[in-house]
Amino acid sequence: MKFAGSDQYVATADLMLAVNAAATLQRPLLVKGEPGTGKTMLAEEVAAALGMPLLQWHIKSTTKAQQGLYEYDAVSRLRDSQLSGIEGAEKVKNIENYIVKGVLWQAFESDRPVALLIDEIDKADIEFPNDLLREIDRMEFYVYETRQLIKAKHRPLVFITSNNEKELPDAFLRRCFFHYIKFPDPATMQAIVDVHFPGLKKELLAAALKTFFEVRNLPGLKKKPSTSELLDWLKLLLAEDIPVSALQSQDEKISIPPLVGALLKNEQDLTLFEKLLQMQRHNR
């Protein structure tokens, strides 16, 4: 089965090629790119397009690799042993009752191939990717408490996203197929907007995209507005019935767009924007 995009997700040709290459090689697809470029949504849309269940593991700074495999709830077992009577003794005796299966275990034991998303792997500590090397490579792991070897019935289609907060180990990178999602150009961005706002007037879309890319291309921005912020901004423009004229500058100079707080998300960037406008007015 080949991924060829979907009605809800505008995938470029190189992105579709990367998804299919990772599937052919049976290697995880490591996807990097700016926040808001659709890395997480890619896994969701590929799973839906290929008719595969999707399991998601969203990584935090405190996440450990073991949690993706399983966790042994020793505390609950101890509590049950102290509080349960004769009836509960059998439950306490069976250690399997206190093994909590992680996302990888669920993916491995599935009777049908699944898509597995390991989201924002770079949030965890530097040892996290290394701790998953064997399991992702061999598709098996050992449960020491029950002395079981868990092997994958089907190799899952693995998506791993990263925002480049940390460098990933070379040994981990060798086991992945890598793709960097470039920020959409105006034509691709227009196609993305068309999916979410199919009835948007061409004049408003053209003016909004022009303003968006002008703001995004300002030098020195701490956080450039992303695709998701553009979509939020367009939703607000429509909700507030902002006219096209409010987005168009008569002298072709950049002006503060209405509802700019949807695009610029910190005071440093707003201050920089305002200073640029002051400089423009001063130079007239």
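**Pockets and aromatic pairs**

Guide: In this predicted model, the lining of the largest pocket divides by class into eleven nonpolar, 13 polar and six charged residues. About 550 Å³ of space lies in that pocket. Of its 30 lining residues, Tyr9, Gly36, Thr37, Gly38 and Ile192 are the closest to the centre.

Visitor: Which elements each supply at least two residues of that lining?

Guide: They are helix 1 (13-25), helix 2 (39-50), strand 9 (177-181), helix 10 (186-196) and helix 12 (227-239).

Visitor: How do the residues lining the second largest pocket divide by class?

Guide: That lining has 15 nonpolar, four polar and four charged residues. The second largest pocket holds about 350 Å³ of space, and helix 1 gives the most to its lining, with five residues.

Visitor: How is a pair of aromatic rings described?

Guide: One gives the distance of the centres and the angle of the planes. A search of the whole structure finds nine aromatic pairs. In one of them, tryptophan 105 and phenylalanine 141 are edge-to-face, at 5.6 Å centre to centre with 70 degrees between the planes.

Visitor: Why does this pair tie together parts that are apart in sequence?

Guide: Tryptophan 105 belongs to helix 6 (residues 103-109) and phenylalanine 141 to strand 6 (residues 140-143), so the pair links parts 36 residues apart in sequence. Both tryptophan 105 and phenylalanine 141 are buried. Together with Tyr70 and Phe108, Trp105 and Phe141 form one aromatic cluster.

Visitor: Where does the charged end of arginine 216 sit?

Guide: It sits over the ring of phenylalanine 183, 3.3 Å from the ring centre.

How values were computed. Residues are numbered from 1 along each chain as its sequence is written. This is a predicted model: local features need pLDDT of at least 70, side-chain atom pairs count only at pLDDT 80 or more; totals for chains, interfaces and linings use all residues. Side-chain values use heavy atoms; hydrogens and water are left out. Rings of Phe, Tyr and Trp (its six-membered ring) pair if their centres lie within 6.5 Å; planes under 30 degrees apart count as stacked, over 60 as edge-to-face and the rest as tilted. Helices (H or I, at least four residues) and strands (E, at least two) are DSSP runs, numbered from the N terminus. Buried means under 20% relative accessible area, exposed over 50%, partly exposed in between (1.4 Å probe, protein chains only). A charge sits over a ring if NZ of Lys or CZ of Arg is within 6 Å of the ring centre and within 35 degrees of the ring normal. On a 1 Å grid over the protein atoms alone, a cavity is a set of points where a 1.4 Å probe fits but cannot get out, and a pocket is an open set with protein on both sides within 12 Å along at least five of seven lines; lining residues have an atom within 4 Å of a point. Grid points are joined across faces, edges and corners, and a volume is the space filled by probe spheres set on the points. Ala, Val, Leu, Ile, Met, Phe, Trp, Tyr, Cys and Pro count as nonpolar, Asp, Glu, Lys and Arg as charged, and the others, Gly among them, as polar.
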